[in-house]
Amino acid sequence: VQLAESGGGLVQAGGSLKLSCVYSGSTRSIHVMGWYRQAPGKQRELVASINSGGANINYADSVKGRFTISRDSAKNTMYLQMNSLKREDTAVYYCMANVDYGLGLPVDYWGQGTQVTVSS
(Lines give C-alpha, C1' and ligand atoms only; values in the text may rest on other atoms or scores of the structure.)
Protein backbone atom coordinates (compact mmCIF):
# COMPACT_ATOMS: atom_id res chain seq x y z
CA VAL A 1 0.00 0.00 0.00
CA GLN A 2 1.31 3.44 -0.92
CA LEU A 3 0.09 6.63 0.72
CA ALA A 4 0.57 10.24 -0.37
CA GLU A 5 -0.58 13.22 1.69
CA SER A 6 -1.24 16.72 0.43
CA GLY A 7 -2.98 19.88 1.54
CA GLY A 8 -0.73 21.11 4.29
CA GLY A 9 0.43 24.69 4.54
CA LEU A 10 0.51 27.87 6.55
CA VAL A 11 -2.75 29.18 7.98
CA GLN A 12 -3.74 31.73 10.59
CA ALA A 13 -5.29 30.66 13.85
CA GLY A 14 -9.01 30.16 13.41
CA GLY A 15 -8.60 29.17 9.79
CA SER A 16 -9.19 25.89 7.99
CA LEU A 17 -7.25 23.37 5.95
CA LYS A 18 -8.23 20.12 4.29
CA LEU A 19 -5.69 17.33 4.06
CA SER A 20 -5.94 14.54 1.53
CA CYS A 21 -4.35 11.10 1.49
CA VAL A 22 -4.42 9.16 -1.74
CA TYR A 23 -3.80 5.46 -1.32
CA SER A 24 -2.98 2.74 -3.80
CA GLY A 25 -1.94 -0.90 -3.88
CA SER A 26 -3.73 -3.59 -1.86
CA THR A 27 -6.53 -1.21 -0.91
CA ARG A 28 -9.08 -3.96 -0.34
CA SER A 29 -6.97 -5.25 2.54
CA ILE A 30 -7.04 -1.93 4.38
CA HIS A 31 -8.70 -2.37 7.76
CA VAL A 32 -8.32 1.02 9.42
CA MET A 33 -6.94 4.34 8.25
CA GLY A 34 -5.94 7.28 10.34
CA TRP A 35 -4.29 10.65 10.60
CA TYR A 36 -1.42 11.13 13.01
CA ARG A 37 0.65 14.18 13.79
CA GLN A 38 4.02 14.91 15.27
CA ALA A 39 5.06 18.27 16.61
CA PRO A 40 8.73 19.15 17.19
CA GLY A 41 10.04 17.45 20.30
CA LYS A 42 6.87 15.44 20.81
CA GLN A 43 5.78 11.91 20.10
CA ARG A 44 3.59 11.07 17.16
CA GLU A 45 -0.06 11.04 18.24
CA LEU A 46 -3.31 9.80 16.77
CA VAL A 47 -5.57 12.58 15.51
CA ALA A 48 -8.43 10.59 14.00
CA SER A 49 -9.15 7.15 12.63
CA ILE A 50 -11.79 5.57 10.42
CA ASN A 51 -12.46 1.92 9.67
CA SER A 52 -12.92 0.43 6.23
CA GLY A 53 -16.69 0.80 6.26
CA GLY A 54 -16.61 4.29 7.69
CA ALA A 55 -18.92 3.42 10.57
CA ASN A 56 -16.28 3.51 13.30
CA ILE A 57 -14.64 6.92 13.69
CA ASN A 58 -12.50 8.12 16.56
CA TYR A 59 -10.96 11.49 17.39
CA ALA A 60 -8.39 12.71 19.84
CA ASP A 61 -10.02 14.83 22.52
CA SER A 62 -7.96 17.82 21.42
CA VAL A 63 -9.57 17.92 17.96
CA LYS A 64 -13.14 16.80 18.66
CA GLY A 65 -15.64 19.21 17.21
CA ARG A 66 -13.02 20.88 15.03
CA PHE A 67 -11.67 18.13 12.76
CA THR A 68 -13.58 15.72 10.55
CA ILE A 69 -12.16 12.56 9.03
CA SER A 70 -13.74 11.01 5.97
CA ARG A 71 -12.95 8.49 3.30
CA ASP A 72 -14.01 8.19 -0.34
CA SER A 73 -13.35 4.61 -1.39
CA ALA A 74 -14.28 5.33 -5.01
CA LYS A 75 -11.43 7.85 -5.17
CA ASN A 76 -9.09 5.90 -2.87
CA THR A 77 -8.75 9.05 -0.82
CA MET A 78 -9.01 9.87 2.87
CA TYR A 79 -9.53 13.42 4.09
CA LEU A 80 -9.06 15.44 7.22
CA GLN A 81 -11.05 18.67 7.35
CA MET A 82 -9.51 20.90 9.98
CA ASN A 83 -11.46 23.92 11.21
CA SER A 84 -10.84 26.46 13.96
CA LEU A 85 -7.15 25.69 13.83
CA LYS A 86 -5.00 26.53 16.82
CA ARG A 87 -1.27 27.11 17.13
CA GLU A 88 -0.98 23.82 18.99
CA ASP A 89 -2.22 22.03 15.85
CA THR A 90 1.10 22.86 14.21
CA ALA A 91 2.78 19.57 13.29
CA VAL A 92 3.66 17.22 10.49
CA TYR A 93 0.53 15.24 9.68
CA TYR A 94 0.85 11.64 8.54
CA CYS A 95 -1.58 9.31 6.85
CA MET A 96 -1.60 5.72 8.09
CA ALA A 97 -3.19 2.55 6.76
CA ASN A 98 -3.46 -0.64 8.77
CA VAL A 99 -3.52 -3.53 6.34
CA ASP A 100 -4.70 -7.04 7.18
CA TYR A 101 -3.44 -9.60 4.70
CA GLY A 102 -5.12 -12.42 6.62
CA LEU A 103 -1.82 -13.74 7.90
CA GLY A 104 -2.46 -12.88 11.54
CA LEU A 105 -0.22 -9.80 11.74
CA PRO A 106 -1.58 -6.54 10.31
CA VAL A 107 0.95 -4.12 8.86
CA ASP A 108 0.98 -0.33 9.22
CA TYR A 109 1.91 1.81 6.22
CA TRP A 110 2.75 5.51 6.43
CA GLY A 111 2.82 8.45 4.10
CA GLN A 112 5.67 10.92 3.92
CA GLY A 113 3.85 13.58 5.92
CA THR A 114 2.61 17.08 5.21
CA GLN A 115 3.47 20.14 7.28
CA VAL A 116 0.68 22.17 8.88
CA THR A 117 1.71 25.44 10.46
CA VAL A 118 -0.77 27.61 12.33
CA SER A 119 0.28 31.18 13.03
CA SER A 120 -1.17 33.51 15.60
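Hi everyone. Strands here are DSSP runs of E with at least two residues, helices are runs of H or I with at least four, and both are numbered from the N terminus. With that in hand, let's look at the chain. This is a predicted model, in which local features need pLDDT of at least 70, side-chain atom pairs count only at pLDDT 80 or more, and totals for chains, interfaces and linings use all residues. Residues are numbered from 1 along each chain as its sequence is written, and side-chain values use heavy atoms, with hydrogens and water left out.

First, the overall picture. The chain has zero helices and eleven strands, so by the DSSP runs I just described the pattern along the sequence reads β-β-β-β-β-β-β-β-β-β-β. The C-alpha trace spans about 45 × 30 × 25 Å along its principal axes. For 120 residues, a compact globule would have a radius of gyration near 14 Å, and the chain agrees, at 14 Å. That radius is taken over C-alpha atoms, and the globule rule is 2.2 Å times the number of residues to the power 0.38.

Now burial and surface. I call a residue buried under 20% relative accessible area, exposed over 50%, and partly exposed in between, using a 1.4 Å probe and protein chains only. Buried residues make up 41% of the 120 in the chain. The chain exposes about 6400 Å², and carbon and sulfur atoms supply 47% of that; the areas come from the Shrake-Rupley method with a 1.4 Å probe, and for residues only the protein chains shown count as cover.

A word on contacts, meaning heavy atoms within 4.5 Å. Among contacts with a separation of 6 or more, 54% are between residues 24 or more positions apart.

Next, the disulfide. A disulfide is a covalent bond between the sulfur atoms of two cysteines; the cut-off used here is a pair of cysteine sulfur atoms within 2.5 Å. The structure holds one. Cys 21 and Cys 95 form it, with their sulfur atoms 2.0 Å apart. Cys 21 lies in strand β3 (residues 17-24) and Cys 95 in strand β9 (residues 91-99), so the pair ties together parts that are 74 residues apart in sequence. The torsion about the S-S bond is about -70 degrees, so the disulfide is left-handed. And are these two cysteines buried or exposed? Both Cys 21 and Cys 95 are buried.

Let's stay on strand β9, where we also find Ala 97. Ala 97 is buried, with a relative accessible area of 0%. Leaving out residues up to four places away in sequence, Ala 97 touches Val 1, Leu 3, Ile 30, Val 32, Met 33, Val 107, Asp 108 and Tyr 109. Its C-alpha is 10.0 Å from that of Ser 52, 45 residues away along the chain.

At 41% relative accessibility, Asp 108 counts as partly exposed. Beyond its neighbours within four places, Asp 108 is in contact with Met 96, Ala 97 and Asn 98.

On to the loops. Where is Ala 60? Ala 60 is in the loop between β6 (57-59) and β7 (67-72). At 17% relative accessibility, Ala 60 counts as buried, and outside four places in sequence it contacts Leu 46 and Val 47. Asn 56 is in the loop between β5 (45-51) and β6, and is partly exposed at 41% relative accessibility. With residues up to four places away set aside, Asn 56 touches Ser 49, Ile 50 and Asn 51.

Finally, two backbone angles for you to check. Asn 76, in the loop between β7 and β8 (77-82), has a positive phi of about 50 degrees although it is not a glycine. Ser 84, in the loop between β8 and β9, also is not a glycine and has a positive phi of about 50 degrees. Asn 76 is partly exposed at 25% relative accessibility, and Ser 84 is partly exposed at 40%.
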